[in-house]
Amino acid sequence: MPFSLFDDLKMSGFHSSILTTFSVDPAFYDANIQYRLRVSGCQNNMLIADASMLEQSLEEMPEAFIHAGRKYLIVPVSSKGCFHPKIMLRYGASKGRLVLGSANATSAGWGNNREILSALEWSSDGRSGDSFVHLGLIAKAHNWLISTMDRADSDIGYKLSLLETQSPWLNDAPKNEGVQQFEDGSLVDVLLSDPESVEGLGLRFVAEIEDDVQRLVIVSPYWDEGLGALRDLSSALGGPAVHIFMTVSENPETRQSTFPVTALSGALKPKFHPLAARGHHRFLHAKLIVAQTKKHDYVLYGSANCTFGALGKKGASGINYEAAIFRRLQRGTIDRELKLDYSTMIHVKDIYPPQEQVDVKLPGPKPFHAGRVEVKGDRLIWSCPVEIQPDGAILLIAGSRLKMATPAGARPYAKIDRAAIEGTLVVRFELADGRISRPLIVSDPDLLRASAPNPLSGNLKRKLDSVLSGDIDLIDLARDVHLLFDQGGEGGKSRALAAGVGRGHSVSSRVSGQDYASPEAFRNALGLKADLHSGAMAHPDNPALQLILQIVLRGIVQLEGSSSIERSDTVSVDALEMGEDQDDAGEQDSVRPESAKTPITAEKRLNPTIEVNHLLFERNRTSLTRSINRFESYVEAIANSDAIVDLDFVTRTLFMIYLMLYGSSRCYSVDGETTEVLIPFSGIGTDKQGNGFLIRSARLISRIWGRSFKTGIMGRLSLDRELETLPVQVLTLIILTRWILAAILSEARCTPSALSLAGILEKQVPTLFVMTSAFANTDPFQIEAAIRQMAKHIGMTQLQADAIQEVLRELSASGQLLQLNE
């Protein structure tokens with residue numbers, strides 16, 4: 001029956017896809033296939049392509065790869081022959097769908113040619129035995145495909161891990177070997193072949209046929225020059241009558257079936273028949289072999305042409321990667337379904353011979369695969385294979401030649417104008433010995449992850465968006481704090497998504513403060529710039545933490561006279577919008593949520609006192625207190641372990657401190673009678689100081705930074721050596737830490753009943769303050785501007801804000817002296 005691949009793409013409920021193709025049509029995949037996948041909610045997409053055909057497309061039309069390496073990943077596969085399967089696998093949380101046939105992921109394959117396809121679908125709702133068979137076959141195709149990819153590539157590793165964590169059913173799928181039986185008695189299998197296979201597809205097909213073959217029917221657009229595969233197949237089946245179906249046209253300019261008729265000789269005398277086109281002539285690209293016995297049709301269809309390269313021969317597999325479906329059906333099924341007419345003949349003289357293949361050998365050494373190139377800031381960083389020597393290499397890009405820097409302990413890189421990285425880049429490498437690589441698509445890991453982030457529950461996403469737009473109170477998130485920590489937390493899904501970046505020269509080294517003798521030594525080793533205007537996306541693969549960071553940045557460090565953070569927020573939301581709604585409902589990439597259309601300014605968010613009843617106020621207070629207690633336990637557990645922490649931990653810490661600050665500064669009108677806050681800001685010198693923001697946040701800060709930098713949690717923060725700018729969440733935590741230290745010391749000094757506390761703080765605060773200088777030298781004017789904005793945002797009096805600023809300047813000066821003395 002007719003099968004529309006475009007209609008098939010309309011099916012929702014899938015989060016990931018893997019497509020394979022021999023011919024590469026980047027404009028078609030980009031604008032039609034991946035676009036439709038994303039519209040249907042399928043965000044995590046990979047295209048596996050034949051390496052030589054991909055290289056040809058990159059040479060001819062590099063500008064057509066608009067979103068490659070940014071919204072989806074192209075994975076090249078090299079082979080002795082060619083990478084030839086035509087598979088579309090889609091994955092849902094509790095379902096999967098396999099479409100396998102003869103159609104490449106091209107406009108011709110999906111629209112112009114006559115192709116043959118079959119779909120197998122499984123869902124957890126299925127109760128029939130056939131559904132269980134489908135599951136095993138889908139898993140078989142999946143396992144074979146991922147074996148062709150290198151998980152050590154960080155982009156591939158991330159995408160496969162994301163796919164597998166969202167489709168846990170893959171782990172439980174049956175590992176079916178051999179032919180399976182459907183409930184109607186028919187047989188099915190997915191036959192997969194590659195150059196390392198023990199036996200070719202042809203012999204495996206023949207081995208399944210139990211009775212004498214009366215008729216051999218073949219549809220194949222391509223043949224061996226001497227018809228060797230056809231002869232072997234006919235001989236293995238006992239020399240039955242051979243019928244070949246084709247499409248021919250009177251117009252010689254029209255692409256049509258061909259056959260090497262001059263190779264016919266001896267006992268091989270096939271009959272040729274037209275496979276009638278409906279309405280107009282279309283090129284017949286289907287590949288089909290049918291061995292008809294008295295009772296059954298034994299069928300093989302998919303990507304394999306009738307060639308040795310595809311089917312193999314006795315004692316050897318084919319040299320191609322191929323995928324096909326085997327079926328045993330009732331005799332006459334294929335004749336009926338495809339309307340095969342054996343009475344109409346095509347005369348041999350009307351058949352066009354195949355075009356002669358010209359083997360063009362270019363002078364010089366064969367191009368080599370150069371590994372992977374990624375964007376990081378204003379650098380293009382090269383993860384080259386271990387056998388490649390990068391010293392003296394030149395990056396060839398858009399007519400320019402850039403010398404690669406090869407720093408010790410880091411990957412080779414070339415600096416590039418950031419404006420040139422806005423679109424997809426295609427590059428080559430020229431080695432010192434003169435060899436030139438195949439073209440490579442530059443990967444943007446941040447955009448790839450933002451386009452296919454970790455799944456985020458709909459309720460949590462809506463709450464975060466509502467907080468950003470000012471529609472709900474931030475304190476409502478206190479009830480969901482456990483969900484926020486689960487989104488990529490230590491021990492959570494993100495650990496499963498961690499992927500290496502390769503081996504040898506490709507390793508991007510990481511560093512943490514505990515490896516250095518002092519904060520100053522660590523800072524000098526990092527050599528990072530500290531700039532709140534950097535605006536880099538902080539959590540591209542984790543939309544929960546990215547939105548949380550936006551909430552914190554807007555509330556704490558929105559700089560006066562600067563829109564850089566607001567712009568960064570908008571960029572992040574745009575990028576995340578490409579990957580949102582992972583639970584099946586996707587939107588078009590061009591659609592932006594209301595919260596992204598009109599950024600909410602700090603002034604707009606400073607609403608008047610919130611009116612609540614006593615019951616809601618107490619519930620909010622309980623939720624906040626419980627979330628603080630839970631976070632303190634969480635930090636304590638990490639402090640008592642030796643676990644390395646990442647930037648996710650820093651963002652969660654920022655959020656909890658901001659939530660506490662919000663609870664101590666947001667005023668509520670309770671039953672219209674009293675104005676209260678959920679927790680006191682200070683309370684120092686009273687019986688409330690233990691529950692106040694300053695004491696509890698200072699206690700957290702002390703635990704996070706530690707008695708010494710080497711033993712504190714922040715000393716275990718793992719940072720990429722290839723960074724040029726300090727991550728914005730680390731800089732924000734430094735600002736918050738310094739402000740809290742200055743604020744608690746200022747409050748204790750001016751509170752007569754807190755003299756003993758002030759004495760303790762006078763000793764401890766300067767030491768903690770110095771630790772905050774471990775990551776980068778900061779701009780004091782930028783920090784003061786951020787702190788002024790924060791004080792204004794929480795409604796602090798000018799007198800109190802000035803007092804804290806004065807102590808901050810004092811601590812900064814004493815911190816510089818302490819470092820000099822060390």
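**Close-up 1. Helix α17, residues 543-556, sits inside the predicted model**. Helices here are DSSP runs of H or I with at least four residues, strands are E runs with at least two, and both are numbered from the N terminus. How does the length of α17 work out at 1.5 Å a residue? Its 14 residues should span 20 Å, and the end C-alpha atoms are 20 Å apart, which agrees; the expected span is 1.5 Å times one less than the number of residues.

This is a predicted model, with local features needing pLDDT of at least 70 and side-chain atom pairs counting only at pLDDT 80 or more, while totals for chains, interfaces and linings use all residues. Residues are numbered from 1 along each chain as its sequence is written, and side-chain values use heavy atoms, leaving out hydrogens and water.

**Close-up 2. Strand β5, residues 95-101, is covered on both faces**. In a regular strand, side chains alternate between the two faces of the sheet. On one side of β5 you'll find Lys-95, Arg-97, Val-99 and Gly-101, on the other Gly-96, Leu-98 and Leu-100, and all are buried. Strands pair if DSSP finds at least two bridges between them. With β4 (residues 87-91), β5 pairs in the antiparallel sense over five bridges, and a hairpin of three residues joins the two. Tyr-91 stands opposite Gly-96. β5 also pairs with β6 (residues 117-123), again antiparallel, over seven bridges; here Lys-95 faces Ser-123.

**Close-up 3. Strand β10, residues 241-246, has parallel partners**. Five of its six residues are buried. β9 (residues 215-219) pairs with β10 over four bridges, with Ile-218 opposite Ile-244. Between β9 and β10 the chain passes through helix α9 (residues 228-236), making a right-handed β-α-β crossover: with the strands pointing away from the viewer, the path from the first strand over the helix to the second runs clockwise. β11 (residues 271-274) also pairs with β10 over four bridges, and Met-246 stands opposite Pro-274.

**Close-up 4. Four strands form an open, antiparallel sheet**. Their order is β18-β17-β20-β21. β18 (400-403) and β21 (440-441) are at the edges with a single partner strand each, so one side of each has no neighbour in the sheet. β17 (residues 394-397) and β20 (residues 426-430) share four bridges, and Ile-397 partners Val-427.

Methods: Buried means under 20% relative accessible area, exposed over 50%, partly exposed in between (1.4 Å probe, protein chains only).
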